[in-house]
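Please look over the sequence and the structure below. A short briefing follows, grouped by topic.

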Amino acid sequence: MPNSVAIPQPQVNRGFICRVSFIAGLGGILYGFDMGIIAAALIFVRSSFGLSTQMEEVVVSVVLVGAMLGAIVGGTIADRIGRRATLVWGAAIFILGSVLAPLSSNVETLIVARALLGIAIGFTSVTAPVYVSELAPPQSRGMLIGLYQFALTVGIALADLTGYWLAGQQAWRLMFGIGVIPAIFFLFMVLTVPESPRWLFAQNRLADAESVLRTYTDEAGAKLLLEDIRTSLLTKMERRWSALWSPAVRGSLFIAVGFTVLQQVTGINTIIYYGPQIFSLAGITSNKNAIFATLLVAIMNVLATIIALVLVDRVGRKPLLYVGVGGMTLSLFILSYAFHNQTALGSSLGIVATICLMVYITCFAFSMGPIAWILVSEVFPLWVRGRGVAAATLGSGTSNFLVSITFLSLIKADGNTITFAIYGVFCILTLLFVRFVIPETKGRELESISAKSAMVAP
C-alpha cells in the first residue's frame, strides 16, 4: 500500500485573515441584534399597537420573509458582482431598516422596516460565510467561518442587554434605533477589505486575484492557491439555479438544505424571539426578570460558541454535533416533562426552565449553531457556491419562518408539553441525519469536500 503524500498547506498572514473574518463577522452581529431585539421590544410593541397573537407572530416573522428574499437575490448578486460588493449593499439596507423601525407610527411601517432588515440579513448571511471560506486556509477555515456565528451570538446578547437596560423605560423605539450604530460601522469596515480572490479568478480577473492573494500569503502560497482555484473551475458550468440539481451538486444541496432546515425546526429561534414569553409561561411574571433570564441564556450562547471555535478544527464537526444535539434532545424532553408536571413543581418550574434552556442553548451554540454554516460554506463547488449557500439560507429562513409564525399558536392549541416534545423529536431526526448524511470536513480542501459531497444520494 503506497504511503500517503502530505498535501502542502499555503502559509498565510493570520492577522489579515482574522481581520477579514472579524469584518465579515460584524454582519453576524447585525443579524443577531436585529433578530434578538424583538424578544424584548415585542412586549412593549404589543401594548403600544394593541397587537393580537397572530399580529405578534407577523411582526416577529416578517424579518424571515425578508431574509428569504435577501438570500435568493443575494446569492445571485454575490456570484455576479462579487462578495464584497454584496456585503456593501447589505450594510446599506441594514442602515435603512434600522432608521425606519424606531420612526414607525403604526405596525404596518414597523413590518416594512423589519422586512428590510430581513433582506439585509439575507444578503449578509449568504455572503459573509462564503467570503471568509474563500479566503481562509483549510487548516483553520472552520474556526474562521465560525467567527460569523460567534458574532451572531454576540449580537443576540447585545440585543437582550439593550432590552434589559431599556425595559424600565419601555423604550422599544430606542431598542430598534441602536441597531444603526453597528450598521454604519459595518459599512465603513467592509469598504476596507478586498474582493474574494476565488470570485475574481472565476471572472477571469487573474491578475487581481493574484494581487489579493499576495496580500496575505507568500509567492509559493499564492501559486498553490491559484492552482487549487484553477482546478476547481475546470468543470465550470453555466451558473443557473437549475445547476443546483445537477449530479455534481445535488448531494451538496441535500446536505446543506437538509441540515439548515433541521437547525431551525429543533426550536432554537423560539428562544431567541420568544424567550421572555417562555419564561412567563414558566412562572416568571415580571417583564424585566423574564428579559433578564433571556439575557442569561444569550450569554451562555456566546460563551459556548467559543468552545466551537476552539474545537471545530481540532476534534472535527461530527463529534461536536453528536454531543451537542444529544444535549439539546435531553434538555427539551426534560423541559417538556417539567411543563407536564407544572402543578407539582410550582415555583420551581421557573428554575427548571431556565436551566433546561441554558443547557439547550449551550449545546446548540457549540454544535449546530456554527457548524451548520461552516458546512454550508464548505460543501458546494466554487462555480455555484453563492447560489448553493443562498438555497441553504432560503431553506433555513423558510423553516425558521414556519417555526416562529406557529410557536405562540402551537402553545395555545396544544400546550407547552407537546410543543417542546415536538422540537425534541426533531433533535432525534437531526442525530440520524448527522450519522448517515453529514460528511466530516475537518482540514480538507474546499474542492475535495464538494467532490465528496456529490456522492451523497438525496
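Is S61 buried or exposed? S61 is buried, with a relative accessible area of 0%; buried means under 20% relative accessible area, exposed over 50%, and partly exposed in between, for a 1.4 Å probe and protein chains only. This is a predicted model, in which local features need pLDDT of at least 70 and side-chain atom pairs count only at pLDDT 80 or more, while totals for chains, interfaces and linings use all residues. Residues are numbered from 1 along each chain as its sequence is written, and side-chain values use heavy atoms, with hydrogens and water left out.

**The chain as a whole**

- The chain has 19 helices and 0 strands; helices (H or I, at least four residues) and strands (E, at least two) are DSSP runs, numbered from the N terminus.
- Of its 458 residues, 60% count as buried.
- The accessible surface is about 17000 Å², and carbon and sulfur atoms hold 68% of that; the areas come from the Shrake-Rupley method with a 1.4 Å probe, and for residues only the protein chains shown count as cover.
- Among contacts (heavy atoms within 4.5 Å) between residues at least 6 apart in sequence, 84% join residues at least 24 apart.

**Confidence**

- The average pLDDT, the predictor's confidence in each residue from 0 to 100, is 84 for the chain, and 89% of the residues score at least 70.
- Where pLDDT is low, the predicted coordinates should not be read in detail.

**The nonpolar core**

- A nonpolar core is a set of buried Ala, Val, Leu, Ile, Met, Phe, Trp, Tyr and Cys residues joined through side-chain atoms within 4.5 Å.
- The largest one has 149 residues, and F176, F259 and F420 have the most contacts inside it.
- Helix α1 (residues 14-49) gives the most to this core, with 19 residues.

**Helix α1**

- Because 27 of the 36 residues of α1 are buried, the helix is largely enclosed by the rest of the structure.
- At 1.5 Å a residue, α1 should span 52 Å, and its end C-alpha atoms are 50 Å apart, which agrees; the expected span is 1.5 Å times one less than the number of residues.
- A kink of about 55° in α1 is centred on A41; the bend at a residue is the angle between axes fitted to the seven residues ending there and the seven starting there.
- G50 follows α1 and has a positive phi, near 60°.

- S61 lies in helix α2 (residues 53-80), and its contacts beyond four places in sequence are F401, S404 and I405.
- The C-alpha atoms of S61 and N400 are separated by 8.3 Å, although the two residues are 339 residues apart along the chain.
- T266 lies in the loop between α11 (247-265) and α12 (268-281) and counts as buried, at 0% relative accessibility.
- Not counting residues up to four places away, T266 touches M328, L332, Y360, M368, Y423, F426, C427 and T430.

- Most residues other than glycine have a negative phi.
- Q170, in the loop between α5 (141-166) and α6 (172-177), has a positive phi near 55°.
- N204, in the loop between α8 (197-202) and α9 (206-213), has a positive phi near 65°.
- N204 is exposed, with a relative accessible area of 64%.
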